[in-house]
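I took the parts one after another and wrote down what I looked up.

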Amino acid sequence: MTEKKKIVRVTGVTKDFDLGKIVVKVLKGIDLEIEEGKYISIMGPSGSGKSTLFNMIGGLDKPTSGKVFIDEVDIAQLDAYELAWLRCRKIGYIFQTFNLIPVMTALENITIPMTFAGVSNDAALRRGMELLDQVGLTGRHTHRPSELSGGQQQRVAVARALANSPAIILADEPTGNLDLTTGEDIIRLLKELSLQRGVTVISATHDYKMLNVSDQVVWIRDGQVDKIQERDELDIRTGGLESARH
Amino acid sequence: MRRLVALPLSKSFQMAYQSIRVRFFRSLVTTTSLVLAVAFLTFTQAGNDITEGLLISQDPAFLQILSKIGYDVSPDAPSINSSPKQRWIVFLSLLVCVVGIINAQLMSVTERFREIGTLKCLGALDRFIVRIFVIEATMQGLAGGVVGALLGTLVALTASIFRFGSAAVSVMPWTDLGATIFYAVCTGTGLSLLGVLYPAIIASRMLPVEAMRVEQ
Ligand SMILES: Nc1ncnc2c1ncn2[C@@H]1O[C@H](COP(=O)(O)OP(=O)(O)OP(=O)(O)O)[C@@H](O)[C@H]1O
Ligand SMILES: [Mg+2]
């Protein structure tokens with residue numbers, strides 16, 4: 001176990017939101033180590049701080065205290081360029097609300113990160129089409145997000161997250177706005193990627209379908225890590241439903 | 001390894017153009033207020049240019065009409081400038097326009113905060129965001145400025161032909177009119193940029209989560 005590279009390391013991360021009159025302590029000291037190539041689910045009740053933790057790991061927000069290391073680099077030490085580079089090349093983000101650029105077509109949405117990464121236009125278009133095929137949206141490249149269903153939009157978002165072959169995919173409730181089968185499709189897609197390309201998938205969710213594919217489940221409760229379960233521990237307890245009840 | 005993120009200029013133009021095209025109606029509203037203000041500015045300024053041209057021509061027929069409508073036509077009179085009242089009206093109309101444009105641009109940036117946050121998640125630097133908005137505002141400003149300036153000049157020309165007869169065309173100070181159009185277009189573009197810079201800079205400096213959390 002220990003010989004595997006820790007791609008994400010979170011030490012003593014806290015996050016307070018100052019609302020003027022009161023300070024809400026959302027994260028109360030999170031310590032977490034995530035191995036390369038694993039499929040991790042962050043589970044917990046609504047309001048437990050999953051999204052907040054997700055934003056810290058992705059360098060989208062700053063912790064009040066504590067450190068986040070990606071590839072053993074403290075992301076608080078990065079300057080604006082390096083941070084942009086990290087977001088562009090190292091991490092692919094998937095959001096519950098898809099967050100596609102509404103004025104752009106599916107293909108253009110997928111090619112934005114490649115443009116930022118300096119990939120030539122032709123190469124980006126070619127790779128964009130490949131990715132569309134891969135997520136099962138062949139022939140939809142000229143469609144705008146408003147012309148696609150939720151599941152299709154999320155597929156575009158997955159393809160966009162993969163554009164620069166990131167080492168980590170961060171997904172905050174990727175199935176939250178999707179129906180059961182579409183959600184399963186997206187989960188399967190993420191799992192395949194994790195297996196085929198060795199991408200580390202970190203997904204915040206309260207979707208129990210996720211448990212079946214996860215290598216590790218991190219349970220968050222009230223801003224703290226409640227427990228961390230390996231896959232085999234989950235299997236013993238009949239697919240996680242037992243532990244879900246907790 | 002150099003850790004570079006880039007957005008080629010051509011790509012910025014493409015993104016700005018696309019955003020205007022897709023949000024055509026919203027762009028049209030912003031641009032229309034610009035057109036009107038610039039047209040008014042050009043109309044008064046071009047009117048002065050034309051009167052001055054007539055005065056310089058020293059044609060008795062024109063001088064007679066000019067003195068009838070209240071101009072000092074004696075040879076040593078100072079050149080015609082816009083009256084204080086006129087300047088005041090132009091100033092007010094520009095002010096109203098500036099406020100209108102800033103408001104419209106503020107709205108159009110605010111409604112795209114989520115988009116800005118998303119672009120930052122995908123690796124955009126602050127200045128990519130600002131650049132896209134600046135290009136957009138410049139395109140709108142130029143379009144609105146040109147249309148407004150031409151409109152204002154056209155109205156001023158038509159009015160002077162009605163007033164002084166078609167012979168007035170022969171003494172038009174075309175270079176002055178050209179300069180007026182040029183300055184009016186610059187003013188329009190400047191106003192449009194002024195309106196977009198502040199919100200765009202604020203938005204581009206936000207942390208991605210903050211930008212994405214803003215109510216749409
Ligand atoms: N910007 C903010 N300002 C104030 N409080 C916030 C802010 N963002 C989050 N919170 C609070 O932090 C807590 C955790 O929020 P978070 O979004 O991380 O929960 P979550 O676990 O992702 O929940 P869900 O499953 O519903 O998405 C909530 O109580 C929320 O009210
Ligand atoms: Mg959440």
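I began with A:Ser165, which is partly exposed at a relative accessible area of 47%. A:Ser165 sits in the loop between α5 and β7 of chain A. Its phi is positive, about 45°, although A:Ser165 is not a glycine. I noted the background: most residues other than glycine have a negative phi.

I then looked up A:Glu72, another non-glycine residue with a positive phi, of about 65°. A:Glu72 belongs to the loop between β4 (65–70) and β5 (73–74) of chain A. A:Glu72 counts as partly exposed, with 45% relative accessibility.

**Basis of the entries**

The model is predicted, so I kept in mind that local features need pLDDT of at least 70 and side-chain atom pairs count only at pLDDT 80 or more, while totals for chains, interfaces and linings use all residues. Residues are numbered from 1 along each chain as its sequence is written, chains are lettered from A and ligands numbered from 1 in the order in which they are written, and side-chain values use heavy atoms, with hydrogens and water left out.

**Chain A as a whole**

I recorded eight helices and ten strands for chain A. Helices (H or I, at least four residues) and strands (E, at least two) are DSSP runs, numbered from the N terminus. The C-alpha atoms of chain A fill a box of roughly 45 × 45 × 45 Å along the principal axes. I checked the radius of gyration: a compact globule of 246 residues would have one near 18 Å, and the 18 Å of chain A agrees. That radius is taken over C-alpha atoms, and the globule rule is 2.2 Å times the number of residues to the power 0.38. Of the 246 residues in chain A, 56% are buried.

I compared the length of helix α5 (residues 150–162) of chain A with expectation: at 1.5 Å a residue its 13 residues should span 18 Å, and the end C-alpha atoms are 18 Å apart, which agrees. The expected span is 1.5 Å times one less than the number of residues. Twelve of the 13 residues of α5(A) are buried, including A:Gln152, A:Arg155 and A:Arg160. What do the buried residues of α5(A) pack against? I listed β6 (91–94), α3 (106–116), α4 (121–134), β7 (168–172) and α6 (180–197) of chain A, together with α5 (113–121) of chain B. Contact here means heavy atoms within 4.5 Å.

Helix α1 (residues 50–57) of chain A has seven of its eight residues buried, so it is largely enclosed by the rest of the structure. Among the buried ones I noted A:Lys50, A:Phe54 and A:Met56. A:Gly59 follows α1(A) and has a positive phi, near 70°.

**A:Arg140**

I found A:Arg140 in the loop between α4 and α5 of chain A. A:Arg140 is partly exposed, at a relative accessible area of 27%. Not counting residues up to four places away in sequence, A:Arg140 touches A:Ala106, A:Glu147, A:Leu148 and A:Gln152.

**Chain B and B:Glu115**

For chain B I wrote down eight helices and zero strands. A compact globule of 216 residues would have a radius of gyration near 17 Å, but chain B has 22 Å. The C-alpha trace of chain B spans about 75 × 30 × 30 Å along its principal axes. Buried residues are 46% of the 216 in chain B.

I looked up B:Glu115 in helix α5 of chain B. Is B:Glu115 buried or exposed? B:Glu115 is buried, with a relative accessible area of 11%. Leaving out residues up to four places away in sequence, B:Glu115 touches A:Ile101, A:Pro102 and B:Arg23. B:Glu115 and B:Ala211 are 96 residues apart in sequence and 8.3 Å apart in space, C-alpha to C-alpha.

Methods: Buried means under 20% relative accessible area, exposed over 50%, partly exposed in between (1.4 Å probe, protein chains only).
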